[in-house]
Amino acid sequence: MPIQTRGEVLDVKRAGAYHVITLTAGSIPDQARPGQFVAVAIGGGESGLLLRRAFAIHRVNSRGVYGGTLEIVVSVHGEGTAWLADRRRHDPVDIVGPLGRPFSIPRDPINCVLVAGGYGSAALAMLVEELHSRGCRVDLVLGAATEDKLFGVLDAKRLASTVTVTTDDGSTGIQGRVTDVLSDVIDRSAADVIYACGPMKMLQAVAEVASSHGLMSQCAVEESMACGIGVCMTCVLPVIGEDGVTRMVRSCVDGPIFRGDRVRWSDIGTVPVGTYGSMPLVEETS
Amino acid sequence: MTRAVVRQHVPSTPEREPNVDMTAHLASLVIPSPVLTASGCSGFGRELDGFFDITRIGGIVTKSVMWSPRSGRATPRMAETPSGMLNSIGLQGPGVQAFVESDLAWLLERGARAVVSIAGGSVDEYVRVTKFLRDVKGISALEVNISCPNVENRGQVFACDARAASEVMSAVRRAADPAIPVFAKLSPDVTDIVAIADSVVRAGADGLSVINTLLGMVIDTDRMRPALGGITGGLSGPAIRPVAVRCVWQIRQALPDVPILGMGGIRTGLDALQFILAGANAVSVGTSVFNDPSAPLRVHRELAKALEERGFGSLEEAVSFAHRPEGYEYEGEPEE
């Protein structure tokens, strides 16, 4: 069960275009599983920014001097993320977590390819450790627009068998997209499963490559959400259920991890015809 | 209005329960706390139960339920605004049958008080939903979300037209279990909310929920298009609180005896106190739950403390207290 806790900032570090923030977070680090996230309140009890910001849990340390701590990676692109990046040591932060369903972890030591776009790699760090500890082979593909928007490359090299880097502008690694190299990495590593986190367009492309190789992909989506706990119904996307029926499902509690072949990527931002409960001719207000 | 007792400054420790009777009366419904959740902001209660004991507040007001399952609108469904947010969900929901079998069954089994919010696209749909719910034992009250477009009248919103609003309310009142109160949830997007309030009360509403969201719009300046998939959306949160307090005040002035459930941007106990003083008999905490999932119980505690600090022995004494005549003697009032 997720909890709400008043944590404290322990450290804010720059990492390329991002900020890595370490927080004390009560029992959240103990409970957190790879792929889960936290929702952080912005600006205290009187703040005019009402909605929590969601961040993948990058790392946890449940036995530190400060009790449980966790790390989140923040990309500043608005007032809320700027406030967070501006925190100083000992500043209080209200945290809800761990939220969402975690990645499924294979029982057997199989070969896993992990693909991340930008700071999507933050959501994969715990997964790398978990897979490695179970004897899985891990190959990583990290892509970003430019070198400074890559995250966690050095860290990835520690446990992964191979790390392939791509940038759109060629400022480091191979010039191109993650999907330009993904097929080669899948073949080279004899991959059994694909994990991915990054922008929707990238997830869609990764899911398609995985399917073309007959592989299952698990994708961590980033939808904008107001609550993170399943009550506001804003973070929905069209997903095909086991019964073959498309439903608008919440990425916060039914995700953020979805099977790549189940998400109707091209239809995100619409309610596809035939979706459960869709009535295209009837308009209602909130 | 009862005269408040002499104000005593009691130093309060967090452990001590304030000595205030928090019993609230909403028509025939008597509840031990005047703080409820708000429709659309607490799902069907289950998710919030992990953050606070949902049986300790006045009740869970469910997300509006309609006759059939509904997918809701396309995303984006939400835009953050100064001290608030805009939403356009489109009443996504399971339909009344699945709601009763699964969500409501859980809520009642859990021992929470369930105020079921119902919606419809026609008077007939409201009635069908109401009749279906009539056989369910344990519902505390119905709240009728009349801020829906009437498909039989060019999408004109029921709540914005006194006659359409009254038609819905009288039909629902006739179809509902006579033992439970039926509340009409009013839209502030009207010229004269008192006129609508008066009409629906005459039509049989046992009480009023005041207010629903205000219709708003945000343009995304990067895409240079409306930010929401549904183009317009409902504005909620502390930004609308003064509008809501004004609506409660005006309705209380015109209808001294009508039960009012007040809502709109309540975040703290003092916010709730404004509504109570303006004339609300109880309050709903809505959008603030997204910011603080334990807000409803916290608001209850803060309100109890605020009432005690002002010398009230019970919530009831504070209801409408801001309407007291000039010169009304109140020993708790600070001297000029």
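Which domains does the domain assignment of chain A give? In this predicted model, the assignment lists domain 1 (3–99), domain 2 (103–222) and domain 3 (224–286).

Chain A contains an open sheet of seven strands. Their order is 11-10-9-8-12-13-16, and the pairing is mixed. Strand 11 (174–175) and strand 16 (257–259) of chain A stand at the edges. Each has a single partner strand, so one side of each lacks a neighbour in the sheet. Strand 8 (residues 111–117) and strand 9 (residues 137–144) of chain A run parallel and are joined by seven bridges. A:Gly117 has A:Gly143, in strand 9 of chain A, as its bridge partner.

Two helices of chain A are described here against this sheet. Helix 5 (residues 178–189) of chain A touches strand 8, strand 9, strand 10 (162–167) and strand 11. Its direction makes about 170 degrees with that of strand 9 of chain A. Helix 6 (residues 200–212) of chain A also packs on the sheet, touching strand 8, strand 12 (193–197) and strand 13 (216–220). The direction of helix 6 makes about 170 degrees with that of strand 13 of chain A.

The C-alpha centres of domain 2 and domain 3 of chain A are 25 Å apart. In their contact, 14 residues of domain 2 meet 12 residues of domain 3. On the domain 2 side, helix 6 and strand 13 of chain A are the elements that give two or more residues. Helix 6 gives the most, with seven residues. That side has 10 nonpolar, four polar and no charged residues.

Chain A also touches chain B, through 34 residues of chain A and 48 residues of chain B. The chain A side has 19 nonpolar, 12 polar and three charged residues.

Note on methods. Residues numbered from 1 in each chain as written. Chains lettered and ligands numbered in written order. Predicted model: local features only at pLDDT ≥ 70, side-chain atom pairs only at ≥ 80, totals over all residues. Contact = placed C-beta atoms within 7 Å. Nonpolar A, V, L, I, M, F, W, Y, C, P; charged D, E, K, R; others polar. Pairing = 2+ DSSP bridges. Helix = DSSP H or I, 4+ residues; strand = E, 2+ residues; numbered from the N terminus. Axes fitted to C-alpha atoms, helices over the stretch in contact; angles between N-to-C directions. Domains from an automatic or database assignment.
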